[in-house]
Structure formats: C-alpha cells, structure tokens
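Here is a friendly walk through a two-chain model, meant to be read with the structure open beside you. Take your time and turn the view as you go.

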Amino acid sequence: MGILINKDTRLLIQGITGHEGLFHTQQMLKFTIPIVAGVTPGKGGEWVLDGKVPVFDCVKTAVDVSGANTSVIFVPARAATDAIFEAADAGIKLIFVITEGIPIQDMMRIRWYLKQQQITLIGPNTPGMLVPNEIKIGIIPEDIAIPGNVGLVSRSGTLSYEIASILKSSGIGISVCLGIGGDPIVGTGFTDILDLMENDPHTEKVVLIGEIGGLEEQQAAKMISKGYTKPVVAFIAGQTAPAGTRMGHAGAIIERSSGSAQEKIEALEAAGAKIAHYPEDIPGLLM
Amino acid sequence: MRLHEYQTKQIFNKYGIPVPRGKIAPYAGEAKQIADEIGEPVVVKAQVLVSGRGKAGGIRLAKSAKEAEEIAAYILGTEIKGLPVHKVLIEEAVIFTQEIYLAITIDREAGLPVLMASGSGGMDIEEVALRSPGKIIRLPINPLLGIQEYHARLVAIYMDLSRQYWRQFAKVLSNMWQVFRNCDASLVEINPLVITPDNRQIALDGKMIIDDNALFRQPELAEMRWLETDNSIDTESRKFGLSYIPLKGKVGCMVNGAGLAMATMDLINSYGGEPANFLDIGGGANSEKVGAALKIILSDSYVKTVLINIFGGITRCDEVARGIIAALYEIDNQIPIVVRLSGTNAKEGMQILMERNLNIASSLSEAARLAVEFSQRVPNGNTH
C-alpha cells in the first residue's frame with residue numbers, strides 16, 4: 001500500500017473548507033485511507049462533504065477527537081507556517097504540505113523544528129502521493145496512472161503527471177507516485193524516498209524526475225552508486241535552460257556549476273541510472 | 001527581489017550597522033549640494049542592479065563638490081552593463097586600514113542560514129572563493145537561534161582580527177542577523193566592512209535580496225520594488241503572480257509548473273525551435289491569470305506562435321480555457337496558438353475551446369512539434 005503510510009493512517013485535512021481543500025478532499029474520499037477530520041479556524045462544528053467529515057477549530061482538538069496522525073495542508077501560504085507548527089505540536093507525525101510559496105526563512109525554521117521531533121514533512125509545494133486505484137493524498141489526478149510496479153518520484157508535480165500518463169499509454173503501471181515538492185527547501189529529499197522505495201515490495205523499478213538547481217539529484221546518484229538494488233531511469237528537466245536564469249519559483253536555478261542539467265545527468269549516468277533525454281524515452285528504458 | 005545599495009544602507013542604518021554619511025541624488029545639481037553638505041572629498045556611486053559596477057566605471061571619487069556634479073552628470077547619462085542609471089549615491093570618502101567580507105545567505109541543501117566571512121574583503125569574493133577557498137569561513141546557523149556572540153568570535157579568530165575589534169564586530173554581525181531575519185532576506189552582504197584609522201567599523205557597500213514569497217508581510221520593502229521597476233511586463237507578471245522570463249526564440253510558452261515548463265522548452269529545442277520565454281502560471285491559476293499570461297506572451301513581437309501546455313492537477317483545464325477565450329476576445333491575435341490540455345477537467349476545457357479556431361494537440365510532443373512548425377513558417381503563412 002505505497003510508502004510512508006499504512007493501515008493505521010488516519011488523515012486530517014488542514015484548510016478543508018477552502019476552494020482547493022474541499023475540492024481535493026472530495027476526490028480523496030473515493031480512496032481507502034480514512035479522512036477523519038478537517039480543520040479551519042473559525043469553522044469548527046460544521047460538517048462538510050455531505051456530512052462525511054467533521055471540521056474543528058484547531059488541530060489539537062481534531063487529533064484528540066478523531067485520532068488523526070497524518071495531515072494534508074491546503075492552507076494559503078501566509079497562514080501555512082502556523083498550520084505546520086500547529087500540526088507538529090498536536091502530535092501529527094507525517095505532514096504533506098500542498099501549499100506553494102511559503103517564505104524560505106519560515107521553511108528553514110520549520111525543517112529544523114520538525115527534524116528535532118522526528119516528524120516527516122513532504123513538501124511544501126508537493127502534489128502529494130498516489131497509488132493508483134488505492135491511495136490518494138493530495139492533488140495528483142487519479143486517472144493519470146494504472147497500477148503497476150514502477151515507483152515514480154519527482155520534484156515537479158505536473159511533470160510527474162505528464163510522465164505517469166506517458167507510462168499509462170504504454171501500458172506501464174505505477175506502484176507509487178510521489179512529489180517531493182518544487183520549493184528550494186523541502187522536508188524530504190530524493191534519497192529518503194529512494195530508500196523507502198528500495199524497501200517497498202510493490203516497487204520493482206524507479207523513475208526519478210529531476211530538474212536544474214540544487215544538489216538533490218547528485219545526492220541520489222551517490223546513493224544509487226552505493227549498491228541500490230532496483231533499476232533507476234532518470235529524466236532531468238531544463239537541459240536547454242540558459243545558465244544563470246531562475247526558472248520560476250520551483251527553485252530551479254543554476255547558480256553554481258553543480259546545478260546544471262548536464263552535471264546531474266553525468267552523475268546519474270555514472271551511478272548506473274539510465275538517462276531519458278525526453279519524457280517519451282522513459283517507457284522504452286523501463287522495458 | 002534585489003535592493004539597491006542605497007536602499008540596503010537605509011536598512012543597515014535603521015538596524016545600527018554603521019554606513020558612510022550620504023544621500024541619494026536623481027540630478028547632477030543635487031549631487032553638488034549633497035557633496036557640499038557632506039564635505040569633500042566624496043564618492044559618486046551609480047545605483048544599478050549589476051555586479052562589478054566599480055570596474056564598469058560606476059563608482060568614482062570626486063575631490064570637490066563641483067567635480068561631484070560633473071561626475072554625477074556623466075554617470076546619470078550613461079548605461080552600466082546595459083542598464084540606465086536613474087540615481088547616484090553621494091557619500092563621504094572613507095579612509096580605512098582593513099577590509100572584511102561578510103554575508104548571510106541560505107544553504108538550500110542543508111536548509112540553513114550560513115554565515116560567510118573572509119579577511120580578504122573588497123575584491124570579487126567569487127574570485128577569492130575560486131583561488132583560495134581556505135580564506136573564506138562558512139558557518140551554518142541554527143535558524144531558531146540566530147547568530148550569537150560566539151559565532152563572531154569564531155570568525156574573528158579565523159580571520160586574525162585584532163582583539164580590540166571583537167566587541168564591535170560582534171555587534172555588526174548580530175545586527176546583520178536582525179536584518180536577515182526581520183527583512184525576510186535570502187542574502188545580506190557587506191563587502192567590504194572596513195576598519196578606519198580611528199577604529200570604527202563601517203559597511204562601505206551592501207547588497208540585499210528579499211524573498212519574493214515573503215513580500216506579503218514586508219509592505220515597506222515591497223514598496224521599494226515599485227519605486228524601482230520601470231518594466232511594465234515585469235510589473236504585470238508580478239501582479240498576477242506569474243513567473244515570466246523573456247528569452248530569444250519565437251515560440252511563446254505558457255505552462256503550469258516550472259518542471260513541466262522546462263521539459264516543454266527542452267522539447268521545443270529538440271524539434272529545432274527556440275522558446276521565446278519561460279512562463280509558469282503556477283498551481284490553481286484562474287481564468288484571469290491565464291488571460292494576463294497570454295497577453296504578456298503576445299506583447300512580445302518576436303513571438304510567431306504560442307504553445308499552451310497545461311496538465312491539470314490543482315489547476316482546472318476549464319478555467320484555463322475560459323481565460324484563453326476571454327483574452328482572445330480582447331486582443332486582435334493573428335498568430336497560431338497550439339493548445340494541449342490534460343488532467344483535471346480537460347474535457348470541459350476542450351469543449352470551451354471549440355468556440356475558437358485553435359490548434360489542439362493531444363500530446364506534449366505533438367504540441368511542441370506543431371508549435372515549432374508554425375513558428376518556422378514564412379510570415380503571412382497564417383493558419384487561421
């Protein structure tokens with residue numbers, strides 16, 4: 001049943017009454033993981049989605065009443081920092097932050113604080129996780145993939161949808177699709193997820209989708225070279241991006257030589273990963 | 001968002017980091033008046049957001065107020081590395097015996113602030129980093145604790161700073177941390193911090209970059225941006241929260257998500273075309289934002305075709321389609337537009353687009369191929 005979660009997972013949705021929160025919670029309700037509570041300060045006492053999910057004013061009460069242990073955060077950026085700390089202090093142990101645009105100084109404090117308490121943070125700016133036909137946490141469209149044995153991990157949400165649907169059209173299924181988030185500072189990196197996929201019996205091959213900027217892909221390469229047991233196919237976006245240009249808020253910035261697509265590709269290739277130069281090369285490399 | 005030197009120094013001054021006495025002058029006449037007030041000699045410094053201003057002739061010493069006026073008039077009439085100079089900073093000329101490099105920035109891999117310092121200040125620090133990396137100290141900082149006095153002592157010892165300067169140096173570093181923290185900066189740099197013959201420590205030059213994502217809680221800093229922006233496309237894309245970077249090709253691009261946008265651009269290149277821009281509409285864009293994005297792309301006269309690639313997740317394709325249609329009612333567009341919609345509400349989106357004669361592609365590679373083909377047609381080879 002994917003990675004990170006298990007049969008005891010009970011979901012809490014922070015920002016459940018918002019435009020995005022409500023729409024995507026409704027999608028998530030079609031899947032197996034129970035959604036036991038929602039939080040929107042000022043709306044406690046309401047029930048949403050045809051009376052299926054109770055709303056609380058604060059996370060502490062929601063956890064006490066519902067036994068929630070995993071949170072999905074849809075709260076807008078200016079309130080998201082507070083929401084993350086609130087979840088941490090209420091005893092939540094796994095937090096998915098869908099929100100994009102959280103100030104970077106907040107993220108440094110959040111990451112430090114959560115690490116001290118051994119709380120796992122996925123994101124921010126993550127699309128969440130999808131196990132086709134089984135589990136959906138976040139916003140990944142459910143019909144982009146079919147069940148299978150390929151684990152897909154990505155820094156970019158929409159690019160992972162693109163690649164999942166290319167796999168689907170070639171008849172290749174997915175064991176789990178997870179976005180680590182496109183922001184410059186995220187809670188969980190490629191290596192942590194590769195580790196989980198290594199231990200996941202449903203995952204036999206891994207597709208890693210990176211992009212320019214940062215060192216995540218190089219660290220993944222190091223890990224793969226040290227005897228990673230499952231075959232890895234990698235694609236790096238931004239191969240033709242002009243150097244020195246910041247490509248969007250996704251933290252895709254080439255600020256030093258270690259951030260270029262070329263360097264990442266070389267590191268991954270040397271580590272033994274197969275390199276896809278275009279998304280449509282991936283199915284062939286998985287065969 | 002980068003701040004100008006004079007803006008950075010206003011902030012330094014507010015936080016108790018000593019800066020040279022000085023004032024900003026938009027006209028040469030004012031430069032003379034300021035130089036008179038400050039006392040000769042003065043330094044005239046062009047306020048442009050490029051590095052290497054000094055070498056490019058943007059920083060010059062004036063021995064008299066009259067000379068300050070002449071230099072200001074000259075600098076205000078020139079361009080530095082392609083950028084026009086709108087203001088000059090007139091400052092007292094400071095005599096010093098020692099130069100130090102200081103910066104607080106973010107190590108994104110570690111997810112921590114990092115304090116960087118070197119006793120070889122003044123010159124190009126990247127050069128120092130390249131030639132003698134041992135001369136730069138890097139200290140990771142606990143983001144909840146900030147810079148403490150012991151950090152300052154560590155740095156001082158490392159760079160052999162004489163003990164008499166330690167207390168004052170610790171104060172500069174502590175104030176610098178306050179600036180970094182309170183202004184939501186991703187970079188605060190003092191280069192150089194100088195020590196004068198009468199033992200004062202002064203920030204001769206400073207640089208700051210503010211995190212764009214934090215501007216909502218930094219109204220005063222956000223204000224500084226509007227004073228400096230003279231590019232209307234820049235203003236427009238910021239207003240709608242779009243990441244837009246103009247490039248040199250003919251294929252205008254609109255994509256949701258930076259990774260997908262870059263993969264789209266890579267494909268355009270692979271078919272022999274060249275993207276005219278990078279444009280990420282972000283997640284959950286509404287029709288208004290999409291319309292604004294399309295108008296920005298079409299305002300570039302080099303654009304010969306537009307490629308819209310949307311894979312809906314949190315973004316809904318019907319919203320995108322509505323934005324495209326609304327924008328096309330407002331502008332008289334003659335160039336071909338290729339649209340590819342997939343994911344959340346893609347069917348509804350396609351339905352809406354039927355109203356206009358757009359080129360619909362069913363996959364990303366087909367969209368890229370079509371867009372490149374259209375962009376290479378001779379002028380007047382219109383498909384509409």
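Let's begin with a helix of chain B: the buried residues of α11(B) pack against α10 (287-298), β17 (305-312), β18 (337-343) and α12 (346-353) of chain B. Those buried residues are B:C317, B:D318, B:E319, B:V320, B:A321, B:R322, B:G323, B:I324 and B:A327. Helix α11 of chain B covers residues 317-330, 14 residues in total. From first C-alpha to last, α11(B) reaches 20 Å, close to the 20 Å expected at 1.5 Å a residue. Please keep in mind that this is a predicted model.

**A residue in another helix of chain B**

B:A65 sits in helix α3 of chain B, which spans residues 65-76. Is B:A65 buried or exposed? B:A65 is buried, because 21 other C-beta atoms lie within 10 Å and 20 or more are enough to count as buried. Setting aside neighbours within four places in sequence, the contacts of B:A65 are B:K32, B:A35, B:D36 and B:E40. For a sense of scale, B:A65 and B:P140 are 75 residues apart in sequence, and their C-alpha atoms are 45 Å apart in space.

**Strand pairs**

| Strand pair | Sense and bridges | One bridge |
|---|---|---|
| β8 (98-107) and β11 (185-195) of chain B | antiparallel, 7 bridges | B:I100 with B:L193 |
| β8(B) and β9 (112-118) of chain B | antiparallel, 7 bridges | B:I106 with B:P113 |
| β3(A) and β4 (53-56) of chain A | antiparallel, 2 bridges | A:W47 with A:P54 |

β8(B) and β9(B) form a hairpin with 4 residues between them, and in its turn B:G111 has a positive phi of about 70°.

In chain A, 7 strands form an open sheet in the order β3-β4-β2-β1-β5-β6-β7, with mixed pairing. Which strands stand at the edges of this sheet? They are β3 (47-48) and β7 (120-122) of chain A, each with a single partner strand, so one side of each has no neighbour in the sheet. Helix α2 of chain A, residues 59-66, lies across β1 (11-14), β2 (35-39) and β4 of chain A. The angle between α2(A) and β2(A) is about 160°.

**Where the chains meet**

How many residues does each chain bring to the contact? Chain A gives 48 residues and chain B gives 46 residues. On the side of chain A that touches chain B, α3 (77-89), α4 (104-116) and α5 each supply at least two residues. The largest share, 7 residues, comes from α4(A). Sorted by class, this side of chain A has 25 nonpolar, 14 polar and 9 charged residues.

One helix pair across the two chains is worth a look. The axes of α5 (157-169) of chain A and α9 (258-270) of chain B come within 5 Å and cross at roughly 60°, which means that α5(A) is oblique to α9(B). Here A:T158, A:L159 and A:E162 of α5(A) meet B:G259, B:L260 and B:A263 of α9(B). By class, this contact of α5(A) with α9(B) has 3 nonpolar, 2 polar and 1 charged residues.

Conventions. Residues are numbered from 1 along each chain as its sequence is written. Chains are lettered from A and ligands numbered from 1 in the order in which they are written. This is a predicted model: local features need pLDDT of at least 70, side-chain atom pairs count only at pLDDT 80 or more; totals for chains, interfaces and linings use all residues. Axes are lines fitted to C-alpha atoms, for helices over the stretch in contact, and angles run from 0 to 180 degrees between N-to-C directions. Angles under 35 degrees count as roughly parallel, over 145 as roughly antiparallel, 65 to 115 as roughly perpendicular and the rest as oblique. Two residues are in contact if their C-beta atoms, placed from the backbone, lie within 7 Å. Ala, Val, Leu, Ile, Met, Phe, Trp, Tyr, Cys and Pro count as nonpolar, Asp, Glu, Lys and Arg as charged, and the others, Gly among them, as polar. Two strands pair if DSSP finds at least two bridges between them. The expected span of a helix is 1.5 Å times one less than its number of residues. A residue is buried if 20 or more other C-beta atoms lie within 10 Å of its own, exposed if 12 or fewer, and partly exposed in between; C-beta atoms are placed from the backbone.
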